[in-house]
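I opened a new notebook page for a structure I had not looked at before. My entries follow the order in which I looked things up.

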Amino acid sequence: MKFTLSWLKTHLETEVPLDDILYALTDLGLEVEGVENPADALGDFRICRVIEAKQHPNADRLRLCRVETWPNGPDAASEEVQVVCGAPNARTGLVGVFAPVGTHVPGTGVDLKPGVIRGEASNGMLCSERELMLSDDHDGIIDLPADAPMGARFIDYTDRNDPVIDIAITPNRPDALGVAGIARDLAARGLGTLITPAIETVPGTFASPISVSLNADVKDGPCALFVGRYIRGVKNGPSPQWVQDRLRAIGLRPISALVDVTNLMTYDRNRPMHVFDADKVAGNIEVRMAKPGESLLALDEKTYEFDGTEVLICDNNGPESIGGIMGGLASGCTAETVNVFVEAAFFDTIHIAAAGRKHKINSDARYRNERGIDPASAPVGMEMATRLIQEFCGGEPSELVIAGAVPDVARSYKLDTDRVSSLVGMDIAAVEQERALTALGFTIDGADVTPPTWRPDVQGPADLVEEIARIASLTKLEGKPMARAEIGVTRAILTPMQRRETAARRQIAALGYNECVTYTFVDHASALMFGGGEDCTKLANPISSEMSHMRPDLLPPLLQAAARNQARGFADLALFEVGPAFQGGEPGQQLMQASGLLVGYTGPRDPHGARRAVDVYDAKADAEAVLSAIGAPAKLMVQRNAPGWWHPGRSGQLSLGPKNILAGFGEVHPKVLSAMDVKGPAVAFTIWLENPPFPKAKSATRPALVISDLQAVERDFAFVVDETVEALTLLNAAKGADKALIADASVFDQFMGAKAVAQMGEGKKSIAISVRLQPKDATLTDKEIEAVSAKIIDKVEKATGGVLRG
């Protein structure tokens with residue numbers, strides 16, 4: 001929203017400096033985005049006198065001018081320069097506007113330099129109005145009165161040193177889309193007195209020959225009110241200079257008096273209007289919903305086809321305007337217009353926004369109507385527009401033609417003057433609260449406060465408090481610590497699940513992984529590969545086709561991230577994410593996971609050959625480390641029935657029993673890697689953070705450390721078993737031989753292959769394990785050690801069929 005300081009002062013009587021106004025605007029919630037000071041662009045242009053203008057010796061259409069200038073101001077000495085000028089009105093004695101060498105000319109975008117034109121030096125420029133962006137006139141240079149002050153700045157002489165203020169308007173403040181509304185806020189703050197002129201009624205002298213009707217499909221919502229007036233005998237031409245100056249200052253191009261009146265009303269009072277050439281309107285006007293297939297050539301010279309959801313203003317021949325958005329070209333006003341029909345209506349914001357977005361029309365009318373204008377402004381706006389048209393163009397107005405009625409938006413809320421302190425922490429006197437609301441246009445009757453019709457954003461008592469605090473200035477708010485509800489040590493805020501997520505995140509990061517934060521959406525193909533892709537997880541309004549479904553697992557976005565990194569030259573990756581995955585669209589079908597992905601090799605190349613490709617055991621070890629960090633039981637089952645996106649022979653699942661799956665790990669299936677364009681070996685793990693049981697004891701302290709002061713004993717065993725026997729089966733059997741004494745068991749060697757066949761026979765292998773015995777009551781004797789060893793051998797033999805290797 002742009003406006004000039006002088007425009008603001010037609011509504012606000014104030015002597016407050018510009019900087020204070022700018023600060024107050026931002027503090028009131030009307031953030032100042034910029035200030036354009038004409039002095040920055042036109043400050044170097046000064047009034048000069050042409051001492052002599054004679055014919056250029058080498059060009060018929062050029063004049064050689066001796067110009068007296070005052071580069072340092074009217075009180076300094078003058079200088080004489082030579083300027084080559086092509087303007088037809090350049091003459092001896094002319095008083096004009098001079099731009100010295102080095103000046104930036106805003107109308108042309110040129111920085112002036114000394115030049116030679118047809119053999120004659122030229123040092124500067126005598127300027128036209130277009131070069132100073134005052135108008136489109138460039139038929140001649142500016143010709144000022146002979147008594148103009150020599151050497152004065154042109155902007156000071158013409159009173160054009162008028163700053164242009166640009167503010168950002170939030171969607172909840174449509175009242176600030178008019179200069180009058182901005183002045184009202186500033187007056188309420190105390191920066192001046194509101195002097196917005198009252199609008200006087202213009203009596204009609206005849207009945208309008210054009211009537212207006214609201215179709216049944218619009219009068220109950222899309223268009224509740226239409227006010228029209230016929231004005232005959234107008235003379236359309238340029239609008240007054242002050243109107244043109246205001247419009248140009250805010251970036252609008254003056255068109256004609258009739259059109260400029262509607263633009264002036266739009267920016268001055270936030271009252272969009274439209275003027276039809278009445279002689280081009282066939283019959284009467286009807287406001288209705290569009291019929292599918294109808295079209296209109298609009299004022300932007302584009303043809304728009306309608307599908308039945310738009311509000312149209314039509315005559316007997318069809319559409320003449322897109323209601324609240326843009327008028328039609330056929331019924332637009334021209335220099336030949338003598339009779340007009342002026343329209344001011346109130347449209348539904350949703351219909352305006354939907355139609356404007358659908359047809360990609362951006363207009364000042366749409367911008368205001370879709371945010372909500374004052375419904376009561378249509379009749380009074382018509383009176384003001386009528387007076388302006390009569391002032392600029394003459395004419396005789398008809399009586400008002402009104403279809404529908406002003407919507408009843410009256411509502412009132414109780415004002416609790418003590419609530420300001422509890423809601424915003426500011427102590428404001430009750431009298432000052434009532435003064436602020438009254439200054440903003442609110443009506444107070446006892447404790448009941450009625451918002452004005454131009455404030456649709458006020459919808460409750462809390463909004464009244466907000467207005468009071470806004471006018472008083474939230475910068476006065478002092479930060480105060482909240483009183484503690486209870487004395488002593490505060491209770492834990494994080495839930496057990498939140499603490500588990502944090503523990504998992506820290507552990508994975510400590511293992512050397514880099515955390516990723518990805519979208520929870522994936523494409524349909526990726527979702528299908530990882531067990532998802534059902535309609536219940538499909539988004540109704542996806543960001544793009546690559547984000548159409550909720551992710552069923554964390555691995556798809558991690559693999560996509562790995563592919564993007566590999567495309568940029570990063571081959572070895574360790575990525576992880578902790579976040580939700582979705583098995584369906586219901587609340588209970590969201591699962592919290594922690595996933596890690598290793599791609600490539602364990603490290604950079606080195607001369608010692610320590611570098612190797614990542615494998616399934618890396619993923620398994622990391623998964624076990626994370627499970628340990630979040631408090632999962634140490635003894636878990638390893639199952640082979642991993643989902644289809646894992647490599648069938650190089651993956652597994654860690655579980656508590658056959659059904660409670662805690663984690664999956666292994667190599668990612670080659671087909672998945674190929675589909676997601678990930679190169680090289682890739683292993684991963686996924687942990688379901690909600691599945692490990694939480695500890696039953698909710699103690700804040702750790703349990704006491706249990707450690708024995710007796711010497712531990714380690715014994716090694718080598719068993720010959722079938723090739724199909726898993727090492728884990730053998731280990732579990734060994735550990736179960738004596739759970740009281742056996743603290744741990746691990747595999748330290750596996751002998752298989754051709755040499756093993758030669759020594760042990762076809763289909764055999766040797767697995768060597770180390771068993772650690774930890775006594776608790778007394779040092780173990782040889783006899784006790786031998787007894788435990790015999791139990792281990794017997795247990796392994798029964799579980800695997802293996803025998804002790806000789």
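**Entry 1, ground rules.** I am working with a predicted model, in which local features need pLDDT of at least 70, side-chain atom pairs count only at pLDDT 80 or more, and totals for chains, interfaces and linings use all residues. Residues are numbered from 1 along each chain as its sequence is written, and side-chain values use heavy atoms, with hydrogens and water left out.

I took helices and strands as DSSP runs numbered from the N terminus (H or I, at least four residues, for helices; E, at least two, for strands). I looked up helix α2 (residues 18–27) and helix α5 (residues 179–189), whose axes come within 10 Å and cross at roughly 100°. Axes here are lines fitted to C-alpha atoms, for helices over the stretch in contact, and angles run from 0 to 180 degrees between N-to-C directions. The two helices α2 and α5 are therefore roughly perpendicular to each other; that label covers 65 to 115 degrees, while under 35 is roughly parallel, over 145 roughly antiparallel and the rest oblique.

I noted that α2 brings I21, A24, L25 and D27 to the contact, and α5 brings I182, L186 and R189. Contact means heavy atoms within 4.5 Å.

I found an open sheet of seven strands in the order β30-β33-β34-β38-β37-β36-β35, with mixed pairing. Two strands pair if DSSP finds at least two bridges between them. At the edges stand β30 (514–515) and β35 (637–639), each with a single partner strand, so one side of each has no neighbour in the sheet.

Inside the order, I checked strand β37 (residues 660–668) and strand β38 (residues 682–688), which run antiparallel and are joined by five bridges. F665 has F685 in β38 as its bridge partner. Helix α17 (residues 616–629) packs on the sheet, where α17 touches β34 (590–599), β35, β36 (646–656), β37 and β38, and its direction makes about 25° with that of β38.

Is N263 buried or exposed? I found N263 buried, with a relative accessible area of 18%; buried means under 20%, exposed over 50% and partly exposed in between, with a 1.4 Å probe and protein chains only. N263 sits in helix α7 (residues 257–269). Leaving aside neighbours within four places in sequence, N263 is in contact with L247 and L252.

How many salt bridges does the structure hold? I read off 40 salt bridges, each being a side-chain nitrogen of Lys or Arg within 4 Å of a carboxyl oxygen of Asp or Glu.

I looked at R173 and D185, whose closest N and O atoms are 3.0 Å apart. R173 is in the loop between β13 (164–167) and α5, and D185 is in helix α5, twelve residues apart. R173 is buried at 4% relative accessible area, and D185 is buried at 1%. Both belong to a network of salt bridges that links R173, D175, D185, R455, D457, E467 and R470.

I then looked at R505 and E515, a salt bridge of 2.8 Å, N to O. R505 lies in helix α14 (residues 496–510) and E515 in strand β30, so the pair ties together parts ten residues apart in sequence. R505 is partly exposed at 26%, and E515 is partly exposed at 40%.

My last pair was D618 and R612, at 2.7 Å, N to O. D618 is buried at 16%, whereas R612 is partly exposed at 37%.
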